[in-house]
Amino acid sequence: MSNFSSTDYNIEIENEEKSNNKILLHLDIDYFFAQVEILKQPELKGKPVIIGHERARENKRGVVLTCNYPAREFGIHSGQPMRDALMKCPDATIIGSNYSEYREYSNTIMKILREFNTPMRKASIDEAYLDITSLAKNYEEAENLAIKIKEDIMEKTQLTVSIGIGPTLKIAKMGSDYKKPDGISVFAPDNLDSLFDGLALKKIPGIGKKTAERLSQMGYVTCDQLRVMKYEEIVRVLGKSGKYYYEVLQGKSTNSILPRGPRKSISNSKTFHGSPGDVNRSLEIFDKLFEESYTILLNEKFKTKTIGVRIRYNGFETITRAVSIAHYVDDKDVLYDKAKELILPYLSDRRGIRLLGVGFYNLKSLEKDQLKLEDFYQESDYVNSYELLDEFISEKSDNKKTEVVKMKDLSDFD
Ligand code: DCP
Ligand code: CA
Ligand code: CA
């Protein structure tokens, strides 16, 4: 069995390098609701159009949901009271919103993105993130992919979108805003200056109006002014949130764990600084990890066919083992027995354990409407332990009922 371990080790190294060099893409539909309405009334193209309460002209009620770019030239923007907007541009065309149509357009675009079959997260009705690391070897290829995505979307919906590409989610998001509308902006890790130089601090996602004002009073207006600061310095200036801004500005934000489309796996692991102790203590921890994974399996209403375990020793040799059973099950005893059988031979190694993990792969949802589920996933669901693992390469074994498989992509296990 141990003859697999050197292969596992190589896969591990490759993926650890890769996981620090992700290429992430953020897409945002341009002046979304207004663009859809203008598709239906092309004669409005080039004229100021506001989406809001249709009778606002008479009753002066409500706020601007969005407007097209000609309307923005008058100083109109989302969230503004209609009364103010109409003072700025009395001749603007006002159109009431048609949410069900917007949702359909949104679904069509999300489907196009999902079909790239790479980790994807819908962030709002008109925004999504894609991890394109496996689709693009470099930033040039990433840009070509963005062109292709825009063409696909244009062909199927007639809508323009803007795309940003970068090494972190935040940089990708700032990128999609950088050349709006109908833009593509690519910021490779060695080219972040071109994004941040001269860019207003308020363009950083999450920087509030108040913070921006406070910073401006202190003389900080653009990103480059904070980017030259050391970590300690920025924390002194910005307090607790300094860490966040430091990471965003250095292109190091740690939240580049990409959420899934429909879940493909459930796994859980723990890293030790110093070994967990003897075999019994290790098994206790393993049981706890199993318990946590199993709880998610139950809560999210899945059955599984493949159980995987992972162990890393001091010196970083990593062993992964998985086994597939004939039918999808959610029986705790069956799953636990398999998991324990897999891990037990590896717990008494003299080197000391650095990491233990256990998970389920080949999931089958017991719920019919999987996509709905996805809409509820928030960023916090993706932190640390329970992450997406790629499929397995299956290695046919003689025993039909029990198939030993090897994990292909281990990068997200811990
Ligand atoms: N929206 C809304 N109420 C708001 C802000 C937005 O109903 N206060 C709706 C209308 C927008 C859609 O959400 O069309 C997407 O919002 P965005 O912030 O992405 O803005 P737009 O897509 O309209 O414009 P942009 O071209 O700046 O992305
Ligand atoms: Ca938008
Ligand atoms: Ca948006």
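1. Start with the helix pair: the axes of H2 (residues 32-40) and H6 (residues 99-114) come within 10 Å and cross at roughly 100 degrees. That makes H2 roughly perpendicular to H6, a label used for 65 to 115 degrees. Axes here are lines fitted to C-alpha atoms, for helices over the stretch in contact, with angles running from 0 to 180 degrees between N-to-C directions. Helices are DSSP runs of H or I with at least four residues, strands are E runs of at least two, and both are numbered from the N terminus.

2. A quick caveat: this is a predicted model, where local features need pLDDT of at least 70 and side-chain atom pairs count only at pLDDT 80 or more, while totals for chains, interfaces and linings use all residues. Residues are numbered from 1 along each chain as its sequence is written, and chains are lettered from A and ligands numbered from 1 in the order in which they are written.

3. Which residues of H2 meet H6? They are Phe 32, Phe 33 and Val 36, which meet Glu 101, Tyr 102 and Tyr 105 in H6; contact means C-beta atoms, placed from the backbone, within 7 Å. By class, that contact has five nonpolar, no polar and one charged residue. Ala, Val, Leu, Ile, Met, Phe, Trp, Tyr, Cys and Pro count as nonpolar, Asp, Glu, Lys and Arg as charged, and the others, Gly among them, as polar.

4. Phe 32 and Phe 33 turn up again at ligand 1: they are among the closest of its 13 surrounding residues, along with Leu 65, Thr 66 and Ser 78. The cut-off is a C-beta atom, placed from the backbone, within 6 Å. S1 and H2 each supply at least two residues of this shell, which has six nonpolar, three polar and four charged residues.

5. H2 also lies across S2, S3 and S4, at about 120 degrees to S2. Those strands form an open sheet in the order S3-S2-S4, with mixed pairing; two strands pair if DSSP finds at least two bridges between them. S2 and S4 are parallel over three bridges, with Val 49 opposite Thr 93.

6. Now S7: six of its six residues are buried, so the strand is largely enclosed by the rest of the structure. Buried means 20 or more other C-beta atoms, placed from the backbone, within 10 Å of the residue's own.

Note on methods. Contact = placed C-beta atoms within 7 Å. Parallel < 35°, antiparallel > 145°, perpendicular 65-115°, else oblique. Buried ≥ 20, exposed ≤ 12 C-beta atoms within 10 Å, placed from the backbone.
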